[in-house]
Amino acid sequence: MLKMMTFFQGLPGQQPVSGTLDFPRRPQKLSSTSEAESEASMSEASSEDLVPPLEAEVTPDRGKEEAVKKKKKKPKGLANMFSVFTKGRKKKGQPSSAEPEGPPESAPGLGGQPPGQLPTVEELKADLERGRLEAARPLLALERELQAAAAAGGASQEELVRRQSKVEALYALLRDQVLGLLRRPLETAPERLRQALAVLAEQEREDRQAAAAAAGSGPSVLAATRPRGWLQLWRRDVAQAAEERLGRQPAEGSEGRSEAERIFLHMGRTMKEDLEAVVERLKPLFPAEFGVVAAYAESYHEHFAAQLAAMAQFELCERDTYMLLVWVQNLYPNDIINSPKLAHELQALGLGSLLPAGQIRQLEATFLSSEVASVKEMMARALDLESQRWAQDVAPQRLDGHCHSELAIDIIQIISQGQAKAESINLELGLQIKHMLLVELAAFLKSYQHAFGEFLERCKQLRNYRANVIANINNCLSFRTSMEQKWQTSQDLPSHLLGPLSELKSHSFDTLLQNLFGDLKPLFKKFTQTRWAAPTQTLEEILSTVGKRLPEFSELHDCFRQELMEVVHLHLVKEYIIRLSKRRLVLKTAEQQEELAGHILANAQLIQVFCTQNGSPAAWLHHALPTLAEIIRLQDPSAIKIEVATYATSYPDFSKGHLSAILAIKGNLSNSDVKSIRSILDIDMGVHQPFKSLFSLIKEDPIKGRICPRVEE
């Protein structure tokens with residue numbers, strides 16, 4: 001379907017639509033007396049009438065002209081006539097369709113009459129049958145002579161009626177000649193076309209003069225034959241030509257397009273090509289008051305709109321609804337009305353939309369509903385296929401040394417195609433569907449989080465379990481990057497989009513690190529078992545264990561390896577604080593407290609250097625252990641208060657329970673000092689910004705004022 005939207009881009013190279021910009025012949029009738037009656041009266045007239053009878057023999061010269069006329073070739077179709085659409089190129093030796101095929105007939109003394117003398121009816125009839133439009137002027141003089149005779153009152157009514165019928169029969173011939181040429185304007189030589197247009201313009205002026213004269217005159221013995229309305233007949237022929245041109249069956253071979261798409265593609269191309277020909281080749285020849293561009297454009301527009309309105313009455317499938325909207329809102333206004341060759345002419349006409357505004361809104365609502373439902377269905381299908389691969393233990397792809405999943409690419413492509421489809425109709429509709437698709441994306445991400453959570457819990461025994469976990473963590477980057485690039489900046493992405501991804505990533509990190517943290521648990525217990533006699537050796541053993549396991553995470557993207565290392569960094573600091581606070585040791589002298597503070601500082605430095613070298617970005621953890629060491633080292637309660645206040649600003653989840661566990665190590669503090677120091681946490685530190693959790697991960701024992709390990713430990 002999207003291919004249809006680009007057909008105008010290559011239009012100059014397209015083959016022109018076959019056929020001719022011609023008008024169907026219509027049965028003609030006179031205003032008062034029928035053509036048959038006029039012919040009869042002309043043939044019955046005697047030699048005593050105003051002019052000799054019409055049954056005169058054809059002269060030899062006229063016979064020659066008739067023979068030449070029969071030998072003329074039939075006019076060629078629109079393929080030659082519309083050579084304008086191949087930018088003026090024509091085959092070698094082939095004359096332009098707009099050029100006369102021979103020299104125009106000279107007509108000194110029309111009908112063989114000397115200048116100044118009116119030709120007879122037979123002579124005018126013969127000239128008109130040969131297509132000599134010069135006969136229009138003497139015919140008009142004959143009509144005026146008849147009107148003068150009627151006004152003078154010297155002739156009988158019977159004679160006047162007989163003479164009028166002959167004049168009207170001649171006008172019927174002239175009308176057929178003029179309108180016949182205008183039905184195929186691009187096949188007619190320019191000079192010939194100008195002749196026909198001059199006759200039409202003269203008849204229009206005569207119609208206006210007759211109408212003005214009739215308004216102030218009494219009844220006449222002659223039947224009213226004006227206004228003849230030839231200009232209106234020409235416009236009707238234009239409308240019929242537009243209907244026939246646009247109604248032709250489109251050529252076969254448009255693969256992948258529905259019948260409706262081929263029909264509207266044919267109508268759009270035909271209308272554009274035909275109107276360009278009118279602007280380039282007919283407008284310079286037609287009188288401005290005829291409004292040739294407006295006549296053709298309005299006729300084509302009305303038929304195009306009628307076809308669309310007829311189709312819109314039916315219950316349309318999603319594809320046809322989209323096609324109608326694309327034509328109404330995009331292709332027709334942008335590629336036809338505002339095309340470079342037509343914009344200047346058509347914009348001033350105010351042709352309007354192909355469909356009423358209410359009907360367009362209804363079609364847009366139908367499109368939005370069906371498109372969003374389609375996007376939702378395709379995303380669900382993509383997730384179902386991905387879940388099957390996890391459960392079937394299919395190994396993920398490797399891309400640039402990282403585990404890779406196509407799910408994020410598929411989902412973003414589905415969303416992007418839905419939005420692009422709406423934007424191809426118009427930008428406003430694209431904006432409407434954007435918000436609807438973001439809602440569906442948020443719902444999908446929740447479904448994705450739930451489905452992957454079930455996989456994490458149920459499929460741990462699979463061989464490719466960890467690889468698929470890593471691939472889905474990497475997916476989070478693809479999702480986030482695509483959302484930031486396509487829709488909003490990173491700061492503006494709403495939590496309902498980021499939340500499910502963060503939860504999925506966090507759950508996956510816990511799964512990947514579960515075995516490592518299990519191996520570290522007995523090592524951390526050594527801090528209490530050895531009563532801190534050899535803290536440095538214990539910590540080095542812990543860090544060595546971590547270092548050996550880090551290659552397991554090499555297939556994560558760099559940003560996620562850093563995040564995972566921050567989780568490890570946090571775990572090491574947290575577990576150290578838990579073991580430090582869980583001790584039953586009470587140090588009563590300043591020297592003992594200073595020695596312990598030295599051990600803590602040394603261990604904090606080891607942890608910080610190791611984690612930073614392995615990619616941890618958690619600079620916010622750098623002061624967690626050194627500040628606790630300083631609180632243990634200080635002896636002045638006021639100085640301790642200042643340090644505690646600063647610490648609570650850096651770590652807002654540091655509570656009185658956590659502080660009590662640290663102060664319990666300092667056996668030389670009085671109860672009043674402890675109470676005074678604890679009270680500093682009652683003061684609002686003014687920290688209201690979001691912060692990362694440290695102490696909220698450490699469970700307190702409210703009865704003993706000690707810190708307990710997490711419940712799962």
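Biologist: So helices here are DSSP runs of H or I with at least four residues, strands are runs of E with at least two, and both are numbered from the N terminus. Where does that put P227?

Modeller: This is a predicted model. In it, P227 sits in the loop between α7 (190-215) and α8 (230-247).

Biologist: What kind of peptide bond joins R226 and P227, cis or trans?

Modeller: Cis, with omega at about 5°.

Biologist: What about D393, is its phi positive or negative?

Modeller: Positive, near 60°, and D393 is a residue other than glycine. D393 is in the loop between α13 (357-391) and β1 (397-399).

Biologist: Switching to helix packing. At what angle do α19 and α21 pack?

Modeller: About 20°, for α19 (residues 558-582) against α21 (residues 624-633), and the axes are 10 Å apart. Angles under 35 degrees count as roughly parallel, so α19 is roughly parallel to α21.

Biologist: Which residues make the contact?

Modeller: From α19, V573, Y576, I577 and L580; from α21, A624, L625, L628 and I632.

Biologist: Now α15. What span should its 32 residues give?

Modeller: 46 Å, at 1.5 Å a residue for residues 427-458. The end C-alpha atoms of α15 are 46 Å apart, so the two agree.

Biologist: Which residue caps the N-terminal end of α15?

Modeller: N426, through a side-chain oxygen 3.3 Å from the backbone nitrogen of E428.

Biologist: And how many salt bridges does the structure hold?

Modeller: 34. One of them pairs E129 with K125, with the closest N and O atoms 2.6 Å apart.

Biologist: Why are E129 and K125 separated by about one helical turn?

Modeller: Because E129 and K125 are four residues apart in helix α4 (residues 121-129). An α-helix has 3.6 residues a turn, so residues three or four places apart point the same way.

Note on methods: Residues are numbered from 1 along each chain as its sequence is written. This is a predicted model: local features need pLDDT of at least 70, side-chain atom pairs count only at pLDDT 80 or more; totals for chains, interfaces and linings use all residues. Side-chain values use heavy atoms; hydrogens and water are left out. Axes are lines fitted to C-alpha atoms, for helices over the stretch in contact, and angles run from 0 to 180 degrees between N-to-C directions. Angles under 35 degrees count as roughly parallel, over 145 as roughly antiparallel, 65 to 115 as roughly perpendicular and the rest as oblique. Contact means heavy atoms within 4.5 Å. The expected span of a helix is 1.5 Å times one less than its number of residues. A polar contact is a pair of N or O atoms within 3.5 Å; within protein, one must be able to donate a hydrogen and the other to accept it, and residues adjacent in sequence count only if both atoms are side-chain atoms. A salt bridge is a side-chain nitrogen of Lys or Arg within 4 Å of a carboxyl oxygen of Asp or Glu.
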